[in-house]
Protein chains: 2
Amino acid sequence: MTDPLPTHDDVRRAAERIRAVATVTPLIESPLLNEELGGRLLVKCEMLQRTGSFKFRGAYNRISTIPEAERKGGVVAFSSGNHAQGVAAAALMLGVKAAIVMPRDAPRLKIDNTRAFGAEVVLYDRFGESRDEIAARLSRERGSTLVKPFDDPGVISGQGTIGLEIASQTKALGTVPDAVLAGCSGGGLIAGIALGLSADLPKTTVYSVEPAGLDDMARSLESGRPEKNDPAARSICDALLAPTPGDITFAIAKQRLKGGLAVTDAEVRKAMALAFRHFKIVCEPGGAVGIAAVMTGKVPTKGRTVVVVASGGNVDPLLFQEVLATA
Amino acid sequence: MTDPLPTHDDVRRAAERIRAVATVTPLIESPLLNEELGGRLLVKCEMLQRTGSFKFRGAYNRISTIPEAERKGGVVAFSSGNHAQGVAAAALMLGVKAAIVMPRDAPRLKIDNTRAFGAEVVLYDRFGESRDEIAARLSRERGSTLVKPFDDPGVISGQGTIGLEIASQTKALGTVPDAVLAGCSGGGLIAGIALGLSADLPKTTVYSVEPAGLDDMARSLESGRPEKNDPAARSICDALLAPTPGDITFAIAKQRLKGGLAVTDAEVRKAMALAFRHFKIVCEPGGAVGIAAVMTGKVPTKGRTVVVVASGGNVDPLLFQEVLATA
């Protein structure tokens, strides 16, 4: 890899770009839960971000940096979930055409939402076609810029603005976080956050959190080289299924993360119900892994301040009902 | 009534007092919903406030103003819901003892939560005893200060800090709200908000929203004198059941509200489900009445900006499941 890694200054520049359009999401806590934990748990509410997840930050920042001459070719992205909506919404706001490559069997609501943001949805067959090839072809034919879901300096820097907000919000609360946890699929969120925190909170430890059995980042950090997940592994966390860390995200993670944690589906369900009860927020499964890791004692909380990023809230109402009924 | 009404300056002083301890709750919107409405709907997320509702603001402000010499007598309040938790949490933070008079048949969770905040819970029989008399006796015997749920200048001023935040947050979003809506029981929230908005947004119209059949404020504003609800009236909105407006709150409302709106239980349920889907927030029934009023066209939205206060999220998981399943 010859490209230089994105830096803390890139995150600062991203913050300038998204300032007028992104929500500064709140950092909240529950005194009763804090008492139970014997420490301070602060939850960064990214389900309140535009489009219901943090993905809008990275998408908007990346698309903002496309040179004027190239914008008329539009952007293309592949995603069945939060990245699709983030790119579609950001492109609409920036007046850039967007084509989103989505699996033909993606949930109807997600396809409809992506179209509602004015994006062209290009459906493909997950079992017979390659989304990468389709996206590459669109990019070639139309001159579209590919907005990758995670392994892109502009996307990582955009997600990193969460780290800047954590630094300023914990300062306003009069505390210094001992640890920051966020979910990890390809690693764009956690790598960005680590960069964002690095200037003001260099001593804060940063952990990725993944679904058990899909903890490629944790194992990669352990072994020092990119590890792959077993293709047969399954999880309720539909947003956290990337098979292996990105090149750029892993390079940053190796430098800046303390390690990787993993949580089971049952732990995630309990965390979703707890977030409902104590914080009055809607977490999708992938958005609740940080809370799950804290509540199961995977990082110590006694006498400490721990920040978790609740990264998204795009969850099916049926699943949410089931979680409330059984967790 | 000889006491002067609280003023905008009182709200500003309240904001100073609660600054370090209350959450500045976000004002969020959904681009897709805005498109549907042909206008801009902004939701003030008070379920993210400490204790899960706006009540913490008024309670903390009121208790802060108790003279040092009187604090050792503690505070007393009666409430089966959000005010109980707001007073208990605020008293704990200010080092003041709190006794909360709650009905013996109040939900176990609310009693437990109030105790968890260190308050003494004094149970009474709703059918044989008067909570006012019990609170008055405690106040007499112990020298406790009664923290009323709404008809108190300090409480109203504290709730009014939401109005100040709406003014500064809409300014930051580059918009001027045409209307602001909030739920109304005794009127502390809506009166406070009207005061809070009055300096910076004098042209913004303010509406109370009540459950249909329990719309005493709406009818009082109409007739010009305090009207009572039919004692037989029922609603899913357990936080909005006060029988008649307060003296102080009604005096403010008469001066500053455009009028009162009412919504049915079915409309509230739909609004709770919509808040889940579009905003990823948990609204209790009484917290969703503003959204319900907007979504049913009770105020115009086309080409306008409307702010609704989603005032609390303390809802039973079983009810929430039912709402998601049926609304």
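In this predicted model, chain A is split into two domains. Domain 1 of chain A covers residues 8-54 and 152-326, while domain 2 of chain A covers residues 56-146. Their C-alpha centres are 24 Å apart.

The two domains of chain A touch each other: 23 residues of domain 1 are in contact with 14 residues of domain 2. On the domain 1 side, helix 1 (8-18) and helix 8 (153-172) of chain A are the elements that give two or more residues. Helix 8 of chain A has the largest share of that side, with seven residues. By class, the domain 1 side that touches domain 2 holds eight nonpolar, 11 polar and four charged residues.

Chain A also meets chain B. This contact involves 23 residues from chain A and 24 residues from chain B. On the chain B side, helix 2 (31-37), helix 6 (108-116) and helix 14 (317-326) of chain B each supply at least two residues. Helix 14 of chain B gives the most to this side, namely five residues. The chain B residues that touch chain A fall into 16 nonpolar, six polar and two charged.

The table sets out the residue classes for the two sides described above.

| Chain B, touching chain A | 16 residues | six residues | two residues |

How values were computed:
Residues are numbered from 1 along each chain as its sequence is written. Chains are lettered from A and ligands numbered from 1 in the order in which they are written. This is a predicted model: local features need pLDDT of at least 70, side-chain atom pairs count only at pLDDT 80 or more; totals for chains, interfaces and linings use all residues. Two residues are in contact if their C-beta atoms, placed from the backbone, lie within 7 Å. Helices (H or I, at least four residues) and strands (E, at least two) are DSSP runs, numbered from the N terminus. Ala, Val, Leu, Ile, Met, Phe, Trp, Tyr, Cys and Pro count as nonpolar, Asp, Glu, Lys and Arg as charged, and the others, Gly among them, as polar. Domain bounds come from an automatic or database domain assignment.
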